[in-house]
Amino acid sequence: MSVSLRRLSNMRSWRPLLAGLSRQCLLGALGACLAALAMPPALAQNDDTPPPLETASAVKAPATPASQVGKLTLDQQVKWLRAAQRSGALAALDDAQLVALFQSLDPLALPRYIKAGPNGYASYEFTMSRSERIRGQWPDKPDHMLVRLARDPLRIYAKWLPDGAHAGQEIIYDESKRADEMYGHLGGMLNVMPLWTSLNGALARSQSNHHVRDLGTEYIARQYLAEGKKYIEAGLPRSVQVEVKTIEGVRVVAFTFETPIGQPRFYAKKETLGLDLRHPYFRSVESYDNDGKIFERIVFETITPKTFDDSTFDPKNKAYKF
């Protein structure tokens, strides 16, 4: 889900940026801090809490016990899942109850629940671990990334953290300024040499099969729904294995889907997606090819709703190393 900057050292054209911080900027930053302190508590909570504006105390747990949900209509099942997620009742179920619950649901209940979302936030910060098989090679170490994302317009800042592969890289994308380009630099000694590069060029794809716009929990949800549509169009049953796992300290219900057709008709021959119990989105995905080899693994470690000012997506930000 990242963007490659591996070949930046081969580029002859560099555009270094000058950074400055005026008194007006300092006042603006102070104002932003004061505004953050005045934000509702829900926006400061971490990924182990329900989504903003939806607290467990404000939503009643569904009256129907989990063991009887499979007998409800499809619409009622989706409503039950939503109420159980919002109230915290879903996360309170034990492993056996969760497996039995999701095995009993209508096959369309989970897609309807995911589609209703929200699959992310208007603006949020997350950390993620990501590995991809590139040109047949599985990396020795995953990328570990910090990402700040805001929508309408889509703006993204991403940094590769020190304990992962490609440490020190940074990129900024702002579709309101350059919809088809990103700005970034390599880590290490070359971090003073940033440049603009195409989202879809060879440079951007040398580290990933995706581009910067694919970052975020929404992409996983869209891909899951798109694959489900393919199953329906092909007239194939979607075999599912259900289990409960703890991934990076977060408890999820893991769904493993496998198709008899495999690639290239489907994105993967087999996929395992980890559903967050406190939010209607997936926290993890593992994808396997026709030979049973894993080619992608993504884990969202922390997901925190936040508001950002313009400096977050400005290369002149003193906190960045552009």
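**Close-up views of a predicted model**

**Figure 1. The lining of the second largest pocket.** Helices α4 (95–104), α5 and α7, together with strands β7 (239–247) and β8, each contribute at least two residues to the lining of the second largest pocket. This view, like those that follow, is taken from a predicted model. The pocket has a volume of about 580 Å³. Its lining consists of 24 residues, and Pro107, Leu108, Pro111, Tyr224 and Arg238 are those that lie nearest the centre. Helix α7 gives the most to this lining, with six residues. Sorted by class, the lining of the second largest pocket holds 17 nonpolar, two polar and five charged residues.

**Figure 2. Helix α7 and its surroundings.** Helix α7 covers residues 217–234, which makes 18 residues. From the first C-alpha to the last, α7 reaches 26 Å, close to the 26 Å expected at 1.5 Å a residue. Which residues of α7 are buried? They are Thr217, Glu218, Tyr219, Ile220, Ala221, Gln223, Tyr224, Glu227, Gly228 and Tyr231. The elements against which the buried residues of α7 pack are α5 (109–116), β1 (123–132), β8 (250–258), β9 (270–276), β10 (282–288) and β11 (294–305). After α7 comes Gly235, which has a positive phi near 70 degrees.

**Figure 3. Gly228 within helix α7.** Gly228 is part of helix α7. Is Gly228 buried or exposed? Its relative accessible area is 14%, and residues under 20% count as buried, so Gly228 is buried. Gly228 and Phe257 are 29 residues apart along the chain, and 9.9 Å separates their C-alpha atoms.

**Figure 4. The largest cavity.** Two cavities of 30 Å³ or more are counted in the model. The largest cavity contains about 60 Å³ of space. Its lining is made up of Glu227, Tyr231, Arg238, Phe257, Thr259, Phe266, Ala268, Lys269, Lys270 and Glu271. Helix α7 and strand β9 each supply at least two residues of this lining. By class, the lining of the largest cavity divides into four nonpolar residues, one polar residue and five charged residues.

**Figure 5. Strand β9 between its partners.** Strand β9 runs antiparallel to β8, to which seven bridges join it. Why is β9 described as largely enclosed by the rest of the structure? The reason is that six of its seven residues are buried.

Figure 6. Strand β5 comprises residues 181–185. Because four of its five residues are buried, β5 is largely enclosed by the rest of the structure. Strand β4 (residues 170–174) pairs with β5 in the antiparallel sense over three bridges. Within this pairing, Ile171 has Gly184 of β5 as its bridge partner. The two strands β4 and β5 form a hairpin, with six residues between them. Strand β6 (residues 195–198) is joined to β5 by four bridges, and these two strands are likewise antiparallel. Glu181 is found opposite Ser198 of β6.

**Figure 7. Two cis peptide bonds in loops.** The peptide bond from Gly117 to Pro118 is cis, and its omega is near 5 degrees. Pro118 is located in the loop between α5 and β1. A cis peptide bond also links Gln263 and Pro264, with omega about 5 degrees. Pro264 is located in the loop between β8 and β9.

Figure 8. Asp152 is not a glycine, yet its phi is positive, at about 55 degrees. This residue sits in the loop between β2 (143–150) and β3 (155–160). With a relative accessibility of 77%, Asp152 counts as exposed. Glu248, which is not a glycine either, has a positive phi of about 50 degrees. Its place is the loop between β7 and β8. Glu248 has a relative accessibility of 47% and therefore counts as partly exposed.

Definitions and conventions:
Residues numbered from 1 in each chain as written. Predicted model: local features only at pLDDT ≥ 70, side-chain atom pairs only at ≥ 80, totals over all residues. Heavy atoms only, no water. Buried < 20%, exposed > 50% of the residue type's maximum accessible area, 1.4 Å probe, protein only. Pairing = 2+ DSSP bridges. Expected span 1.5 Å × (residues − 1). Contact = heavy atoms within 4.5 Å. 1 Å grid on protein atoms, 1.4 Å probe; cavity = no way out; pocket = protein on both sides within 12 Å on 5 of 7 lines; lining within 4 Å. Points joined across faces, edges and corners; volume = space filled by probe spheres on them. Nonpolar A, V, L, I, M, F, W, Y, C, P; charged D, E, K, R; others polar.
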